[in-house]
Amino acid sequence: MRDSFASYHPIVNFGYFVVILVCSMVFMHPVFQMLALISAITYSVMLKGSRAIKFNLLYMLPLLLFMAIMNPAFNHAGVTILFYLKNGNPITLESILFGVAAACMFVTVIIWFSCYNEVMTSDKFIYMFGTIIPALSLILSMVLRFVPRYMTQIKVISNAQKCIGRDVSQGNILRRARNGITILSIMTTWALENAIETADSMKSRGYGLPGRTSFSIFRFDNRDKIISMFMISLIALVVIGAVKGENTIRFFPSVKAAEISPFSLIVYIAYFVLCMIPVIVNVVEAVKWKHIESKT
Amino acid sequence: MQGKPIERQRLSRRTLLAAVLILVLIPATIMFGVYVLDDRKYYFISLLIVLYTIVPFAMVFEQRKPQARELIVIAVLSAIAVAGRGAFFMLPQFKPVVAIVIIAGVSLGPEAGFLVGAVTGFVSNFFFGQGPWTPWQMFCFGIIGFLAGILFKKGLLKKTKISLCLFGGLSTFIIYGGIINIGSLLMFTSHFTWKALLATYISGFWFDMVHAIATVFFLLIMAKL
């Protein structure tokens with residue numbers, strides 16, 4: 001399925017992920033964590049389909065369990081002692097709960113990052129930072145281009161070497177290793193020589209001269225404005241809630257979470273909507289499309 | 001003749017910036033963590049601190065308005081390191097990145113060493129997946145390149161195979177392993193104890209060992225002297 005959130009302006013995408021990642025790392029309150037985890041899973045499934053389900057079940061679930069068990073083994077704080085280990089260390093309810101919470105947080109962050117990798121492609125990242133760190137983002141874009149290019153070139157070199165019987169697939173093991181090193185050395189020499197040519201060509205076309213502009217395909221239009229306003233107001237609500245202490249939880253010595261009140265419900269809803277923005281955008285877009293389709 | 005003062009001015013500007021970051025921003029972040037976030041968000045705070053350490057290098061590099069040749073050489077070395085990491089991906093931890101970063105630091109100077117390391121860490125994760133570990137890897141690779149450059153300038157690190165391999169093995173094992181393990185511990189438990197740190201070091205021992213051996217191996221092959 002086509003992700004319509006990814007078609008928004010890169011600033012919207014990047015801002016969303018920065019805010020959501022910081023919130024997921026900072027808010028340990030169980031309600032907030034569950035909301036973030038649910039939205040992260042929903043969005044990742046929406047983005048990647050069955051691949052995401054497999055990833056979440058195969059890697060994230062065991063990781064969550066492993067981390068939840070790891071914490072009580074090392075952390076013995078807390079007042080509710082459940083039982084003692086063989087070496088005399090107590091296992092406490094608080095440390096188990098904290099382990100589960102920390103594991104949840106970590107898994108949520110990883111799943112958000114897997115969504116980030118799908119949405120924030122490298123061209124968007126380079127576009128965003130092109131004005132702040134132009135030289136470094138030029139380096140980044142060059143490296144990203146060079147890697148596949150070198151991979152192709154290495155095949156070319158390897159084929160040429162094969163013609164004279166010096167490929168990594170020819171000869172005994174020692175011979176193969178030596179051939180491999182020769183190929184890498186040819187590759188490096190080619191890369192550096194090619195680089196100097198590119199640099200000279202850049203210079204002769206006026207790289208670094210003042211008054212040059214750059215081209216980009218991204219435009220900050222009305223829907224970007226609307227969604228950023230929406231996001232900012234939700235973030236404001238969540239931050240007010242955070243300042244008022246609606247999303248804090250204390251684990252040690254005993255568990256104490258902020259109680260649920262009418263105001264905290266508003267904060268929960270705001271946070272949930274904030275996390276779900278990409279999903280909502282996608283659903284609205286799909287409904288619109290269906291509607292247009294049914295008319296014709 | 002004119003290179004010297006510019007070099008010194010550049011170094012001092014970076015030192016100033018780094019001093020501001022270290023003396024003001026980092027304590028402020030830690031305070032923020034202790035008082036506002038209740039001192040339970042080690043990972044988040046340490047992530048911010050690691051990011052701060054990368055900023056001065058980037059800023060100084062940008063202000064200098066580097067030439068095309070300089071940019072391209074850094075890009076090529078990073079690309080080779082990324083491709084090398086990709087080529088050996090089936091062997092866990094057996095990667096040539098540190099070796100290339102050290103060579104960059106020795107032959108192009110500490111600043112270029114840091115940039116090659118940090119860029120490699122960042123870009124290779126576009127292929128292997130970004131995550132909360134990215135800033136840690138960027139910082140570790142970068143700081144090894146930076147140290148290699150500085151030690152070479154001071155004459156402590158020589159351009160001989162033995163000296164390079166020794167530095168490569170030790171720095172990979174101690175600096176990279178030492179910092180990355182703290183990072184992964186903070187990522188996993190977010191409750192810091194010395195015992196857990198020791199357990200992480202012990203469980204990570206062979207990974208760091210393989211990584212260090214890989215670095216020595218690649219330095220042996222690549223350092224042509």
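Helices (H or I, at least four residues) and strands (E, at least two) are DSSP runs, numbered from the N terminus. With that in hand, welcome to a predicted model in which A:Gln170 sits in the loop between α6 and α7 (173–204) of chain A. Chain A has nine helices and four strands, while chain B has eight helices and zero strands.

**How to read the model**

- Residues are numbered from 1 along each chain as its sequence is written, and chains are lettered from A and ligands numbered from 1 in the order in which they are written.
- Because this is a predicted model, local features need pLDDT of at least 70 and side-chain atom pairs count only at pLDDT 80 or more, while totals for chains, interfaces and linings use all residues; side-chain values use heavy atoms, with hydrogens and water left out.

**Chain A as a whole**

- From the N terminus on, the elements of chain A follow the order α-α-α-β-β-α-α-α-α-α-β-β-α.
- The C-alpha trace of chain A spans about 75 × 65 × 45 Å along its principal axes.
- Chain A has a radius of gyration of 26 Å, whereas a compact globule of 296 residues would have one near 19 Å. This radius is taken over C-alpha atoms, and the globule rule is 2.2 Å times the number of residues to the power 0.38.
- Of the 296 residues in chain A, 42% are buried. Buried means under 20% relative accessible area, exposed means over 50%, and partly exposed lies in between (1.4 Å probe, protein chains only).
- Taking contacts in chain A between residues at least 6 apart in sequence, 70% join residues at least 24 apart. Contact means heavy atoms within 4.5 Å.

**Chain B as a whole**

- Read along the sequence, chain B shows the pattern α-α-α-α-α-α-α-α.
- Buried residues account for 54% of the 225 residues in chain B.
- Among contacts in chain B between residues at least 6 apart in sequence, 72% link residues at least 24 apart.

- A:Gln170 is partly exposed, with a relative accessible area of 23%.
- Leaving aside neighbours within four places in sequence, A:Gln170 is in contact with A:Gln161, A:Lys162, A:Gly165, A:Arg175, A:Arg176 and A:Asn179.
- A:Gln170 and A:Ser50 are 120 residues apart in sequence, and 41 Å separates them in space, C-alpha to C-alpha.
- A:Met142 has its place in helix α6 of chain A and is buried, with a relative accessible area of 10%.
- Not counting residues up to four places away in sequence, A:Met142 touches B:Leu71, B:Ile72 and B:Ala75.

**A helix pair between the chains**

- Helix α6 (residues 134–163) of chain A and helix α5 (residues 110–128) of chain B have axes that come within 10 Å and cross at roughly 55°. Axes are lines fitted to C-alpha atoms, for helices over the stretch in contact, and angles run from 0 to 180 degrees between N-to-C directions.
- That angle makes α6(A) oblique to α5(B). Angles under 35 degrees count as roughly parallel, over 145 as roughly antiparallel, 65 to 115 as roughly perpendicular and the rest as oblique.
- The residues in this contact include A:Leu136, A:Ile139 and A:Val147 of α6(A), and B:Leu115, B:Phe122 and B:Phe127 of α5(B).
- By class, the contact of α6(A) with α5(B) has 12 nonpolar, no polar and no charged residues. Here Ala, Val, Leu, Ile, Met, Phe, Trp, Tyr, Cys and Pro count as nonpolar, Asp, Glu, Lys and Arg as charged, and the others, Gly among them, as polar.

**A helix pair within chain A**

- The axes of helix α8 (residues 222–243) and helix α9 (residues 262–295) of chain A come within 8 Å and cross at roughly 155°, which makes α8(A) roughly antiparallel to α9(A).
- Among the residues making the contact are A:Phe230 and A:Leu234 of α8(A), with A:Tyr271 and A:Leu274 of α9(A).
- The contact of α8(A) with α9(A) divides into 17 nonpolar, one polar and two charged residues.

**A helix pair within chain B**

- Helix α4 (residues 97–108) and helix α8 (residues 194–222) of chain B pack at an angle of about 50°, with their axes 7 Å apart, and are therefore oblique to each other.
- The contact includes B:Val98 and B:Ile102 of α4(B), together with B:His211 and B:Phe218 of α8(B).
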